[in-house]
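Here are my notes on the model you sent over, in the order I'd go through them on screen. Have the viewer open while you read.

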Amino acid sequence: MKKVLTSLWIVMTLIASQFTMTHAMSYEESYQTAKSYYQKKTVLQSTDEVFAYASLGLDVSSLPIKNIVNTRYASDIAKTVIALTLHKDDPRNYQGVNYVEMLEGCVHDNGAFDKKKNSTEANFQLYGVYALYVIKSDKLAIAADYLASLIDEQGAFGSSWGPSLDVTAWVIEALSLVDTAKYQEVINQALAYIQSTQDETGGYADSYMGVNVNTQACVLMGLLAYDAAGVKGTTYNKGDNNPYDLLLKYQNSNGSFYYSELGEENYYATLQGVQAVGYYNHGSLYKSAQALYQEIISQPVKEEVKEEPVKKEENKPAPQKDKTNEVKPQKTKVVKTSDSSLLGAYLGMLLLSGWVVVKGRKYFG
């Protein structure tokens, strides 16, 4: 019986170990391996990849970008402006298009951010606020006011699908970037909603997926942008469990993040997990983008030098010359000094030498 119980205990321990996440890396090791993972990229193929790369403090302009420009929705235009700025391209004139003008044109009189209608959901509106913050637009205030107005009765923000932890955290970031004091009451309600979803592990349980790396990362981005000291301390702990420590348990040894199985490199989990790691070390991505935009617009505008078109001369008659003082050319005698004259002299001397030899043999032979 004792052997049976021992065997069962071993089996249960092994099973439990498969579901228990372990993390041996320090915060610095986590950050360095995440950087190393992204530094292997040779091209950035989406705005999300640009955001993750830049959040780690890496120079986006060092790599080519693809699939960045998108104007289908207002939120796509906003992400385009931010990504171009992070790549150190001028979004006011990128390949001849003014995306800043296009961005501001999506802001309606009531502050709603949409290409056509004067209403939208928080998940779209917040990208407009991010981009307007980056360029320090005059329309930022009304867009942020509209975003704040989208809070529901439980303190959550969301989309057409309903309330979302991810979106609520991003809104906290957006409003705190614009004016923390002005939106403090709204931010407090959103924080209360987020904390109400935290479980004993320090994880934030999404109503659809439970605790997962993507939601954990997105919540941490919002919290770190608003209160990095609190996250790095114990303000958001559940008991002794820190939410950032829990996120890092999803990180693989090569710097990527997995979603459900250790060692698996999940694309979206890595994008958002790495961005949260970047926020922990560098703060909000959009603050960096704003600083870059100011550098871009401070540069003098390079004026294109236009070449004057070459005028074709008309077939006019040549002007008549004044022959009064014209000097007539003098006829000159050409002296031949070519090689042919020298050759003739040489042949003459050769014949004379031959004649002397013949005569000499006649007289002296």
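1. Start with Gln275. Setting aside neighbours up to four places along the sequence, Gln275 is in contact with Phe51, Ala52, Ser55, Met221 and Leu285. Gln275 sits in helix H12. Is Gln275 buried or exposed? Its relative accessibility is 9%, so Gln275 counts as buried, the cut-off being under 20%. Bear in mind that this is a predicted model.

2. Gln251 is another glutamine to look at. You'll find Gln251 in the loop between helix H11 (243-248) and helix H12 (267-282). Gln251 has a relative accessible area of 4%, which means that this loop residue is buried. Its C-alpha lies 8.8 Å from that of Ala34, although 217 residues separate Gln251 and Ala34 in sequence.

3. Now the core. Which residues touch the most other members of the largest nonpolar core? They are Leu86 and Tyr286, in a core of 93 residues. Beyond four places in sequence, Tyr286 touches a list of residues that includes the tyrosines Tyr127, Tyr130, Tyr133 and Tyr279. Phe51, Ile82, Val134, Leu177 and Glu173 are also touched by Tyr286.

4. On cysteines: how many disulfides does the structure hold? The count is zero.

5. Next, the largest pocket, which holds about 400 Å³ of space. Its lining comes to 20 residues, and those nearest the centre are Ser159, Ser164, Asp166, Val167 and Trp170. At least two lining residues come from each of helix H6 (122-134), strand E1 (157-159), strand E2 (162-164), helix H8 (165-179) and helix H10 (213-232). If you're setting up a view of this site, those are the elements to colour.

6. Finally, some totals for the whole chain. The secondary structure amounts to 14 helices and four strands. Of the 365 residues, 42% count as buried. Among contacts with a separation of 6 or more, 62% link residues 24 or more positions apart. The accessible surface is about 22,400 Å², and carbon and sulfur atoms contribute 54% of that.

Note on methods. Residues are numbered from 1 along each chain as its sequence is written. This is a predicted model: local features need pLDDT of at least 70, side-chain atom pairs count only at pLDDT 80 or more; totals for chains, interfaces and linings use all residues. Side-chain values use heavy atoms; hydrogens and water are left out. A nonpolar core is a set of buried Ala, Val, Leu, Ile, Met, Phe, Trp, Tyr and Cys residues joined through side-chain atoms within 4.5 Å. Buried means under 20% relative accessible area, exposed over 50%, partly exposed in between (1.4 Å probe, protein chains only). Contact means heavy atoms within 4.5 Å. A disulfide is a pair of cysteine sulfur atoms within 2.5 Å. Accessible areas come from the Shrake-Rupley method with a 1.4 Å probe; for residues, only the protein chains shown count as cover. On a 1 Å grid over the protein atoms alone, a cavity is a set of points where a 1.4 Å probe fits but cannot get out, and a pocket is an open set with protein on both sides within 12 Å along at least five of seven lines; lining residues have an atom within 4 Å of a point. Grid points are joined across faces, edges and corners, and a volume is the space filled by probe spheres set on the points.
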